[in-house]
Amino acid sequence: MGRTLGLDKACEVQIAATAAGAGLVMPGRDICELTARRLAGEDDTSDLQDDMGYELAWSAMLRLVERVAPDYKD
């Protein structure tokens, strides 16, 4: 699973939550810069170094969006 896939999933969750009426959450400048460095291959200190980490993170994001906007699938 690539690094951009994790970012894509995070964006999907954000869009779904927004579509369900939740407010848009903007990451801070430091997070944006770190993400840009990682996507450019300049930073290899990801907390999610294996496929299990990605699965755990995705499960946590789904639980969050289901709690915040339970009708996001509609």
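**Fold, core and side-chain pairing of the predicted chain**

Read along the sequence, the protein chain follows the pattern α-α-α. The chain has three helices and zero strands, where helices (H or I, at least four residues) and strands (E, at least two) are DSSP runs numbered from the N terminus. The structure is a predicted model, in which local features need pLDDT of at least 70 and side-chain atom pairs count only at pLDDT 80 or more, while totals for chains, interfaces and linings use all residues. Residues are numbered from 1 along each chain as its sequence is written, and side-chain values use heavy atoms, with hydrogens and water left out.

The pLDDT, the predictor's confidence in each residue from 0 to 100, averages 79 over the protein chain, and 80% of the residues score at least 70. Among the elements, α1 has the lowest mean pLDDT (80), whereas helix α2 (residues 29–39) has the highest (85). Where pLDDT is low, the predicted coordinates should not be read in detail.

The accessible surface of the protein chain comes to about 5500 Å² (Shrake-Rupley method, 1.4 Å probe), and carbon and sulfur atoms account for 58% of this surface. Of the 74 residues, 14% count as buried, that is, under 20% relative accessible area; exposed means over 50%, and partly exposed lies in between (1.4 Å probe, protein chains only). Among contacts (heavy atoms within 4.5 Å) between residues at least 6 apart in sequence, 61% join residues at least 24 apart.

The largest nonpolar core consists of six residues, namely Val 13, Ala 16, Ala 17, Val 65, Ala 69 and Tyr 72. Such a core is a set of buried Ala, Val, Leu, Ile, Met, Phe, Trp, Tyr and Cys residues joined through side-chain atoms within 4.5 Å. Helix α1 (residues 3–19) gives the most to this core, with three residues. With residues up to four places away in sequence not counted, Val 65 touches Val 13, Ala 17, Pro 70 and Tyr 72.

One salt bridge is present, defined as a side-chain nitrogen of Lys or Arg within 4 Å of a carboxyl oxygen of Asp or Glu. It joins the side chains of Glu 33 and Arg 29 (2.9 Å, N to O). Because these two residues are four apart in helix α2, about one helical turn separates Glu 33 from Arg 29. Glu 33 is partly exposed, at 38% relative accessible area, whereas Arg 29 is exposed, at 68%.

The structure holds zero disulfides, a disulfide being a pair of cysteine sulfur atoms within 2.5 Å. Cys 11 is partly exposed, with a relative accessible area of 38%, and Cys 32 is also partly exposed, at 41%.
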